[in-house]
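Subject: Structure handover

Hello,

The structure we talked about is below. Please load it first, then read my notes.

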Amino acid sequence: MSVTPSSAPSKAQKLSAVKGMNDILPAAVPRTEKLPSSERWQWFESAVRKVLARYGYQYLLTPVVEPTALFVRGLGEVTDIVEKEMYSFTDAMNGDQLTLRPEGTAGVVRAMIEHNALYNGPLRLWTAGPMFRHERPQKGRYRQFHQLDVEALGFAGPDVDAEMILVARALWRELGLVEGQHVRLEINSLGQSAERRAHRDALVRYFEDHADALDEDARRRLHSNPLRILDSKNPAMQALIEAAPQLMDFLGAESRAHFDAVRAALDAVGLAYRINPRLVRGMDYYNLTVFEWVTDQLGSQGTVCGGGRYDGLIAQLGGKSAPAVGFGLGIERLLLLAQELDLPMPSSAADAYAVVPPGTPLAPVVATLEALRAQGVRVIQHAGSADGVGSMKSQFKKADASGARHALVFGSEELARGQVLVKALRDGSGAQVERSLADVAQWAATLQSNA
Ligand code: ATP
Ligand code: MG
């Protein structure tokens, strides 16, 4: 589709991002929304890379756009996401039905099926990126948001369920979040579908036996979606709901053993959790273990990470049947939490800021700064406009504002002697030393914070 002049915005018209979709900006840019800075984002990303490498997970990327059918088949037609949250559209060029991915698992599974990846054995994978859901935007809930997705495909044992949970815990520890205080673990077992059916039947019988105690909503849901009655907020029905049959009591020996083994692994490493019998997941494809990491500090958007086992999905999407387990972590939510708790992160400030007095020849400056950067020093050059580079005073102000720990002053006298002046900006000493331009590699490390 071409943009015709009439549909192009007039020059004066201000363009803004789509509602519910955010720019993630450096802390130095004044931000209206209370979203995490891009520095926080990078802090998180490097922790993720470190932690996932420790557990042997491999990185992959899949497209942001997938055939709509992938999500309809993968997530189930009667889920919130498929019913009302997907950005779906017809490709104007060829009529294909496409969807901006609302979650990461379906795409990863599609890719592994497409590339026959599971024939060589099970796989540990992770990916991260933007997801899209048409929801009502609010704090911690956006229309474009980002997820970290961790998936283990082809593993049937409860050891991997526990590993998933521990990967998340390792990430909390790397970031400085305290489990049990900042984030808490809730787990449940959904059993297998036959067990869920037996529970559902018992639930319907139970509520039928107490039909006179049901409110109008509950009566309407009794046969269409009896599980939803358990979510009722009506105080008059709480006692009835408390005493309703619980899925846990319908689990067979195998499901029970699987759950017990996951619990034993968590107990072995001293990880506390709450068994939450009401914990179900939004997607149809989950079975056995489900878990969520929740926080009390983000209001109603309290789930930062959710996952579980989905043994049926690979076959459902056309692959050779194989078990799998995974989780999705909401990056914005996690970083809002990190921001609220003001978790410490390494400074992203430069090591040095180069002050270049007006009239300084450019050649020795550029050569010196490039030599420093080649040694790994983070150095910002005061770059001027066409009409000169600004007064020393304004350059020192910029040097200060940059957070750099040193100023490199390329004064003409020093340059004439083949030297540059290195001035300490942060330690209160104001110490100055001259350094030779001829042997930058000899002193470069003295500018670095870890030196
Ligand atoms: P919720 O109950 O909050 O809608 P969900 O069950 O729909 O969450 P999942 O599909 O399990 O969420 O996605 C995994 C994680 O992604 C969530 O735990 C949450 O941290 C994050 N997340 C989900 N939807 C959004 C959104 N619209 N904006 C920001 N983060 C989100
Ligand atoms: Mg949701």
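Which residue of E6 stands opposite Thr127? It is Asp149.

First, the ground rules. This is a predicted model, where local features need pLDDT of at least 70, side-chain atom pairs count only at pLDDT 80 or more, and totals for chains, interfaces and linings use all residues. Residues are numbered from 1 along each chain as its sequence is written, chains are lettered from A and ligands numbered from 1 in the order written, and side-chain values use heavy atoms, with hydrogens and water left out.

**Strand E6**

E6 spans residues 144–153. Strands (E, at least two residues) and helices (H or I, at least four) are DSSP runs, numbered from the N terminus. Of the 10 residues in E6, 10 are buried. Buried means under 20% relative accessible area, exposed over 50%, and partly exposed in between (1.4 Å probe, protein chains only).

In a regular strand the side chains alternate between the two faces of the sheet. Both faces of E6 are covered. Gln144, His146, Leu148, Val150 and Ala152 are buried on one side. Phe145, Gln147, Asp149, Glu151 and Leu153 are buried on the other.

E6 has pairing partners; two strands pair if DSSP finds at least two bridges between them. E5 (residues 123–132) runs antiparallel to E6, with 10 bridges joining them. E11 (residues 324–330) is also antiparallel to E6, over 7 bridges. There, Gln147 has Gly330 as its bridge partner.

**Salt bridges**

The count is 20. The rule: a side-chain nitrogen of Lys or Arg within 4 Å of a carboxyl oxygen of Asp or Glu.

Arg110 bridges to Glu66, with the closest N and O atoms 2.9 Å apart. Arg110 sits in helix H4 (residues 105–114) and Glu66 in strand E2 (residues 65–67), so the pair ties together parts 44 residues apart in sequence. Glu66 is buried, at 4% relative accessible area.

Two further bridges lie within helices:

- Arg220 and Asp217 meet at 2.4 Å, N to O. They are 3 residues apart in H7 (residues 216–224), about one helical turn. Arg220 is exposed at 55%, while Asp217 is partly exposed at 36%.
- Glu370 and Arg373 meet at 2.8 Å, N to O. They are 3 residues apart in H13 (residues 362–374), again about one helical turn. Both are partly exposed: Glu370 at 45%, Arg373 at 31%.

Finally, a network. Arg184, Glu186, Arg274 and Asp296 are joined into one by salt bridges that share partners.

Best wishes
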